[in-house]
Amino acid sequence: MVAYRGTPDDYAEGRRTAPPGWGWGDVLPFFRKLEHEMDFDGGESRQGRPVPIRRTPMEDWAPLSKAVHAYAQRPIRSSPT
């Protein structure tokens with residue numbers, strides 16, 4: 001299973017159309033209350049929380065994950081006009 005928070009830019013863009021309380025600064029404290037950081041301390045104790053967060057080293061990725069990553073690294077080609 002994979003979970004992505006989104007980036008601050010994602011929330012800034014959504015803030016124009018989302019209800020109040022859905023900006024990055026609004027939701028970040030809730031992410032932090034949920035996330036049990038498995039790989040590093042991050043400057044605050046985030047142990048014992050319900051959602052474990054880990055980062056799998058690239059050398060341990062499944063072949064499909066490596067293929068998707070390689071594809072995503074390719075330059076974007078513009079369509080002929």
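Predicted model: local features only at pLDDT ≥ 70, side-chain atom pairs only at ≥ 80, totals over all residues.

Trainee: Okay, which residue does Asp39 form a salt bridge with?
Mentor: That's Arg55, and the closest N and O atoms are 3.2 Å apart. Asp39 sits in the loop between β1 and β2, while Arg55 is in the loop between β2 and α3, 16 residues apart. Salt bridges that share partners join Asp39, Arg55 and Glu37 into one network.

Trainee: And Glu37, is that buried or exposed?
Mentor: Buried, because its relative accessible area is 3% and the cut-off for buried is under 20%. Its side chain meets that of Arg55 in a salt bridge, 2.5 Å from N to O. Glu37 is in strand β1, so this pair ties together parts that are 18 residues apart in sequence.

Trainee: How many salt bridges turn up in the whole structure?
Mentor: Three. One of them is between Arg5 and Glu35, at 2.6 Å from N to O. That pair links distant parts of the chain, with Arg5 in the segment before α1 and Glu35 in strand β1, 30 residues apart.

Trainee: New topic: which residues of helix α2 are buried?
Mentor: Val27, Leu28 and Phe31. They're on the same side of α2, because they cover an arc of only 115° around the axis.

Trainee: What's exposed on the other side of α2?
Mentor: Gly25, Phe30 and Lys33 are exposed there.

Terms used: Residues numbered from 1 in each chain as written. Heavy atoms only, no water. Buried < 20%, exposed > 50% of the residue type's maximum accessible area, 1.4 Å probe, protein only. Helix = DSSP H or I, 4+ residues; strand = E, 2+ residues; numbered from the N terminus. Arc of directions from axis to C-beta. Salt bridge = Lys/Arg side-chain N within 4 Å of Asp/Glu carboxyl O.
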